[in-house]
Amino acid sequence: MNKIVVLMVLVCAVFTQTSYAEEEQLPYPNMAASIGVMLERFYYDHDRIQPALMVKRALRAIETAEMSVDLEWDEKQIKFNFNGEKITIDANVPSSLTDVMMLFKNMQSIIMDRPEYEDKIRSAMVYAMYNGALQTLDPHTLLFPPKPASRFTDELEGEFFGIGAYLSQEDGVVKIDRVMPGRPAEKAGIRNGDKIVRVDGEKTAGLSLSESVTRIKGPRGTKVVLTIEREGKEEPFDITVIRDLVRIEVLQAYRKGDIAYVRLDEFNKNADKMLRDVLYKWERDTKNPVMGLVLDLRFNGGGRLDKAKIISDLFLAADKEIVRTVSKGRKPQSQYSNQNNITILDVPMLVLVSESSASAAEILAGSLQQNNRAVILGNTSYGKGSVQQYRPLQNKSIFKFTVQEYQLKDGISIQGTGIVPDVKLVRHMVDEDGKVDIVPFSRSSEADAEFALKSHDNYKHNTTHEMCWVAEYESLESLRNHYISAGEKFTPDQEAQLAIDVLSQAMSTERADELLSNEDGTDNFGKITLELIKSAIEERQVQEAEDLAAALKDYGAIESWGTSASAKPNQLALKYTGPQSLQVGAKEELTFEVENNSDEMVGCLFAVIRRDREDGASPFWEEEILFGEAPAHGSVKGSMAFSVPPRLYAGEERFVVDLYQHRHHTPITSTTVKVKIANKRRPHFNFSWSIDAADGRLLMDRQETLTVKVRNDGNEASAPVTILMSKKDNRFIQLTEGRWKLASLPPQGEHIVKVPFIVNSELALRTKTLKNDQKNIELDLFVEERFDEDGVSQYRESLSFNFELPLNVELKGGKLQKPNMILKEAELVDDRLLITVDVDDENLEFVTAFHEKDKVALRTADELEHGVFKTSIAVRKGLNQIQVVCRDEDQLLKYLPIRYWSDVGIEDPQPTAALPNVEDEEAEDIP
């Protein structure tokens with residue numbers, strides 16, 4: 001095996017189930033042994049290995065990956081239920097990692113031997129099993145299947161062979177967003193906005209964006225023919241592009257007067273060279289010297305550890321500690337800036353960070369902060385303090401695992417804490433309609449992960465200043481110019497411009513010359529820079545107060561905003577004044593009132609609906625209510641205009657509302673709101689299909705048409721409907737069209753789409769011609785409602801179906817009935833919720849239920865009495881998220897989400913406040 005080992009630090013979200021279409025090579029028999037050996041030899045902390053928990057989470061992951069599977073472990077045996085067929089194996093509680101991997105090898109063999117599942121489904125279950133177990137170690141140890149593994153290495157290396165263009169897909173059309181300057185696409189005449197309708201003669205209709213990209217990539221020096229539709233041209237035309245080395249753009253540079261700005265989005269293998277070239281260019285420009293530098297790491301999720309060290313070296317004086325890596329049972333290994341280091345651009349420096357800045361970005365920002373080289377602006381970073389290695393496995397999958405912890409200067413750990421900015425930036429966003437959002441939405445951090453590594457809590461850094469600012473609305477086209485891919489059109493976004501302007505204002509003062517002339521090397525640059533920008537920040541705060549008051553006045557949300565003098569304890573009371581019941585799909589106005597029981601007016605009041613346990617779980621998540629000024633011994637009313645999601649299910653919703661004052665982070669008071677969601681009729685999609693051919697057969701090299709009729713059998717009109725057809729990445733199939741955007745469907749209404757396609761008998765590749773020996777083809781149908789509102793996609797009506805159509809066989813078509821479910825009863829008895837659901841389907845396969853992420857029931861059709869599904873669930877106190885799912889023999893699925901609030905049961909973790917709960921005290925200068 002090729003033993004490639006790369007040290008890296010990445011933000012890497014928790015592994016999600018890979019789509020079946022991505023699986024090519026199956027898991028190999030000794031995969032468990034390979035993973036086990038690497039964990040035994042290299043894993044960071046063996047104390048984190050919990051054998052029994054690894055097994056439990058592996059079983060849960062398998063059940064989630066394939067809903068027809070139910071697994072039960074009594075710590076002596078594992079009972080497999082494969083949609084009614086049962087297998088039992090011995091499985092005592094494992095006492096070691098070796099025991100776990102032996103059990104997984106056995107389980108993998110059982111799964112891969114199941115003939116009723118296709119290879120892609122069996123493979124998905126196996127990868128889910130391993131990743132379910134690995135996630136109990138830490139959030140960054142995981143197994144990539146082959147295709148995601150390939151994309152992962154491309155991103156880490158930062159280069160591949162292709163045409164050099166950024167692509168997007170909208171309404172099924174593959175479009176050139178941006179061509180990279182000097183790359184093959186630009187040289188060949190490709191333009192921004194061009195639409196790609198064919199790649200080497202294959203139509204892009206029915207292909208996903210990633211499938212189109214895969215076809216456009218290829219070996220260096222080879223040709224790819226793109227058929228282009230261009231505005232102003234009547235007919236499509238071909239452009240031949242010769243593939244070449246393409247480096248992923250991770251850096252953009254910009255100058256505004258004597259202030260330089262660099263945005264760096266990733267630490268790939270070219271990042272240090274790209275940055276060094278830009279800095280040297282500015283260093284040599286003696287006619288227009290750079291007086292200050294802004295380094296933007298807000299969108300940087302990490303990358304290679306060695307590159308973070310090299311880039312830190314560009315800015316730090318000689319022999320400064322940059323980072324240390326810590327392995328269990330070994331002496332920490334520290335890395336320092338070069339002893340004879342000559343830094344580039346010895347000027348005051350601001351570094352922008354956000355919640356998305358992670359790993360290598362945190363090493364760079366942290367080393368500059370702890371060595372007093374730069375001032376950090378923005379919001380607390382992600383907080384990932386671990387190092388990973390990755391190794392390729394036999395089937396081209398990749399195993400990535402944690403091997404070390406990294407720490408900053410003097411052993412400071414930011415694990416679970418993040419880099420705390422010297423200057424906290426709080427953005428007030430103005431929407432297109434003029435609405436002002438006072439508080440940005442919360443973002444997740446490393447500490448939110450269930451199995452995050454332990455926080456050492458030894459990073460103590462106080463924010464010196466807080467700078468609020470108002471972000472004006474920008475159109476999508478304007479926002480595109482802030483993207484890293486914007487090329488020559490790139491301009492920094494509003495927050496970056498704010499940092500540039502603050503530094504520019506600071507450097508234009510006489511005090512700047514005075515302070516910098518007394519500076520000894522770069523040892524005090526951070527402290528001096530913080531002192532320099534102090535007056536600029538104070539001026540900006542005055543401007544922000546005026547801008548915010550003007551924006552709120554223009555929107556007409558409040559009568560008077562007032563001032564933010566601190567409210568006293570028990571001075572204010574908050575209450576909800578209605579309505580008590582909300583109608584699904586309606587625009588409702590939720591009203592609140594703040595009572596001021598003191599002798600003083602209190603201003604700048606607003607409230608935020610507290611973040612739910614899971615991001616976005618509640619439809620009301622982090623909505624805001626503006627109050628403004630509450631008079632002495634009086635009250636002020638506030639309201640929240642809320643569009644209730646059109647397909648939200650009936651029941652009860654609860655949420656906590658926290659009352660704040662602007663620029664104060666601790667809630668003044670809170671109230672809990674309970675509202676009823678009134679029941680409403682719903683649409684329900686079904687469909688029929690037929691082949692439009694005289695003989696009813698599918699033949700190769702002949703134009704065929706599949707007619708699909710989508711019908712709304714429900715009792716409510718749908719939203720506008722989108723119909724998609726894809727060809728399962730089959731190069732022999734040519735789809736003429738793959739997406740239709742249609743009007744809403746009234747009850748009993750019908751949409752008819754005709755899908756023309758050809759199945760080719762041959763496929764000409766660069767070096768050979770392939771013969772089509774397929775006996776059947778597959779097409780994927782997906783139908784869904786299309787909502788314009790944000791945050792409602794999880795509630796929309798949809799259906800999906802996989803056509804398996806045999807070739808040269810008479811096809812009569814058919815009508816397929818999607819299952820339907822109605823919740824009849826949800827009754828709490830003691831601490832168990834009894835659920836009764838009516839299931840309507842003629843060829844039902846099974847019904848299953850999940851409580852949060854745990855499967856709690858699986859019933860085959862034969863086990864239901866009169867089409868009724870019943871189960872009981874042990875609830876916990878607070879919100880219980882339950883999902884009942886049924887599937888029929890045509891593989892059509894129906895989901896029934898149930899949100900149930902209970903006042904009994906196991907204590908639910910407390911929701912998170914929308915604003916950080918920190919002490920409200922005057923910030924002090926950093927010593």
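1. Let's start with S564, which counts as partly exposed because its relative accessibility is 25%, and the cut-offs are under 20% for buried and over 50% for exposed. Keep in mind that this is a predicted model. S564 sits in the loop that runs between α14 (525-555) and β27 (572-578). Leaving aside residues up to four places away in sequence, S564 touches G603, C604, Q661, H662 and H664.

2. On to α14 itself, which pairs with helix α12 (residues 494-507): the two axes come within 8 Å and cross at roughly 115°. The pair is therefore roughly perpendicular, and α12 passes α14 in a right-handed crossing. From α12, the residues involved are L498, D501, V502, L503, Q505, A506 and M507, and they meet T529, L532, I533, A536, I537, E539 and R540 of α14. Sorted by class, that contact has nine nonpolar, two polar and three charged residues.

3. The other helix pair is α3 (residues 97-112) with α4 (residues 119-134), packed at about 160° with axes 9 Å apart. Since angles over 145 degrees count as roughly antiparallel, α3 and α4 are therefore roughly antiparallel to each other. Their crossing is right-handed. On the α3 side the contact uses F104, M107, Q108, I111 and M112, while α4 brings R122, S123, M125, V126, M129, Y130 and A133. The class count for α3 with α4 is nine nonpolar, two polar and one charged.

4. V351, for one, touches L295, L297, A365, L368, A374, V375, I376 and L377, not counting residues up to four places away in sequence.

5. How many of the residues of helix α10 (residues 360-370) are buried? Ten of the eleven, so the helix is mostly covered. After α10 comes N372, with a positive phi near 60°.

Note on methods: Residues are numbered from 1 along each chain as its sequence is written. This is a predicted model: local features need pLDDT of at least 70, side-chain atom pairs count only at pLDDT 80 or more; totals for chains, interfaces and linings use all residues. Side-chain values use heavy atoms; hydrogens and water are left out. Axes are lines fitted to C-alpha atoms, for helices over the stretch in contact, and angles run from 0 to 180 degrees between N-to-C directions. Helices (H or I, at least four residues) and strands (E, at least two) are DSSP runs, numbered from the N terminus. Angles under 35 degrees count as roughly parallel, over 145 as roughly antiparallel, 65 to 115 as roughly perpendicular and the rest as oblique. A crossing is left-handed if the near helix is turned anticlockwise from the far one by less than a right angle, and right-handed if clockwise. Contact means heavy atoms within 4.5 Å. Ala, Val, Leu, Ile, Met, Phe, Trp, Tyr, Cys and Pro count as nonpolar, Asp, Glu, Lys and Arg as charged, and the others, Gly among them, as polar. Buried means under 20% relative accessible area, exposed over 50%, partly exposed in between (1.4 Å probe, protein chains only).
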